[in-house]
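Morning, everyone. Please have a look at it first.

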Amino acid sequence: MWYNNILETIGNTPLVKLNNITKEIEATVLAKVESTNPGNSIKDRMAIKMIEEAEKSGKLKPGGTIIEGTSGNTGMGLAMAAIIKGYKCIFTTTDKQSKEKVDALRAFGAEVIVCPTNVEPEDPRSYYSVSSRLEKEVPNSWKPNQYDNLANSLAHYEQTGPEIWEQTEGKITHLVVGVGTGGTISGTGKYLKEKNPNIKVWGIDTYGSVFKKYKETGILDKNEIYPYITEGIGEDFLPKNVDFDVIDLFEKVTDKDAALMTRDIARKEGIFVGNSAGSAIAGLLQLKDWLKPEDVVVVIFHDHGSRYMGKMYNEDWLRERGFLQDEKLTARAILAKKEQTDIVTIDCEKTILEAINNMNTLNISQIPVTQKGMVVGKLAEGDILKALLENPSLKSAPVSEIMSATFPFVDMNTSIDRISALINKENSAVLVEDEQGKIEIITQYDIINAISG
């Protein structure tokens with residue numbers, strides 16, 4: 001048997017028992033692994049459903065352009081379907097999203113416009129607003145609007161819910177889902193509750209999002225909104241696909257817990273998943289005391305870990321945000337082992353002769369160059385020698401004439417591996433700004449000293 005095209009392979013994803021990461025939970029915990037869809041995420045289901053419904057209603061016409069604001073996964077599903085069905089795609093996304101997601105969309109021939117994250121949805125620069133403007137400007141175009149298009153929920157009511165019911169033989173007692181557009185949790189939850197009204201539907205939210213407070217108080221609190229790192233869940237408005245009557249409760253998970261749990265799922269269960277799966281399991285562990293041994297919990301694993309290689313699966317990215325404190329040496333540890341001396345700099349207006357005298361007196365081969373106290377470049381012996389060989393009279397010229405690019409800056413949590421990689425022929429050191437704003441320098445010698453010490 002074969003499939004006629006890739007779209008026919010969407011759905012019928014496996015349900016896999018979790019054994020290690022859920023040891024503290026008495027119930028049986030099963031993961032619905034949606035990364036086995038051809039676009040590597042659950043969004044394939046609703047992307048094709050939205051297109052089919054738009055074709056039926058005449059909103060999407062042959063040769064049309066699909067325009068959508070998407071963090072990547074919905075875009076992937078839409079782009080894949082567009083290739084098979086003969087449509088063009090333009091996507092707007094935010095600068096918070098991983099580079100891998102944007103690159104993947106472009107690989108499928110889509111045009112991708114990256115917009116700022118930290119603006120209101122109604123701001124003309126937001127990815128919602130830009131996509132709406134393009135829909136008006138581009139002829140024969142259609143915007144699915146995954147947030148308010150109820151075909152999103154319908155896809156899960158027709159597919160995801162029935163699959164879970166059959167795979168658990170009707171034994172499911174709890175559904176746990178990270179909530180973004182709300183389509184997955186609302187459609188799946190609605191179907192399951194029709195089968196058994198006692199099934200609990202738990203939504204996982206993030207700090208900086210409005211869902212939990214709105215569910216509990218009916219208040220959309222703009223003061224609760226602030227930027228967060230977690231991708232794929234949480235919102236700063238109320239999408240029509242979020243059915244608060246279907247969702248029994250919301251649990252908030254921190255960016256840090258979500259990121260670290262995402263890695264743990266890969267390391268302890270061998271399932272390579274994205275950020276929202278980490279949020280969902282972290283949230284489930286926070287709610288573990290509500291569960292009994294006979295309960296059967298299904299957690300949706302939305303997408304694949306390959307989209308997060310530059311983030312949750314990158315140790316330096318985690319350290320820079322203070323999420324990872326491990327035994328590897330960091331800039332902070334290297335500086336702690338270093339003999340405390342004030343960093344020597346030279347102002348860019350000083351002469352090259354003064355720089356030579358300073359370097360000779362202090363027996364140093366290079367020196368950071370400052371302008372009004374800010375590091376703006378560096379001066380190395382090689383720079384001076386090359387300049388003076390070409391023009392000996394440059395001795396009285398200002399340092400700024402021959403300085404080169406500044407040393408790379410790192411923060412206190414940067415790992416020794418990253419620092420070592422930055423130190424090369426062009427850069428014999430890196431600069432670090434400590435918590436007090438004081439600039440420190442780390443050389444290769446300092447790294448060797450820290451390791452041997």
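The protein chain has 15 helices and 16 strands; these are DSSP runs, H or I of at least four residues for helices and E of at least two for strands, numbered from the N terminus. This is a predicted model, where local features need pLDDT of at least 70, side-chain atom pairs count only at pLDDT 80 or more, and totals for chains, interfaces and linings use all residues. Residues are numbered from 1 along each chain as its sequence is written, and side-chain values use heavy atoms, without hydrogens and water.

Now the core. The largest nonpolar core has 37 residues. Such a core is a set of buried Ala, Val, Leu, Ile, Met, Phe, Trp, Tyr and Cys residues joined through side-chain atoms within 4.5 Å. Buried means under 20% relative accessible area, with a 1.4 Å probe and protein chains only. Ile265, Ile281, Leu284, Val299 and Phe301 have the most contacts inside this core. Which helix gives the largest share? That is α9, with six residues.

Take Leu284. Leaving out residues up to four places away in sequence, Leu284 touches Ile25, Val29, Val176, Trp202, Ile204, Leu291, Val297 and Val299. Contact means heavy atoms within 4.5 Å.

A second, separate core has 27 residues, including Met46, Ala47, Ala81 and Ala110.

Last, the whole chain. Buried residues make up 54% of its 453 residues. Of the contacts between residues at least 6 apart in sequence, 67% join residues at least 24 apart. The C-alpha atoms fill a box of roughly 85 × 55 × 50 Å along the principal axes.

Methods: Buried means under 20% relative accessible area, exposed over 50%, partly exposed in between (1.4 Å probe, protein chains only).
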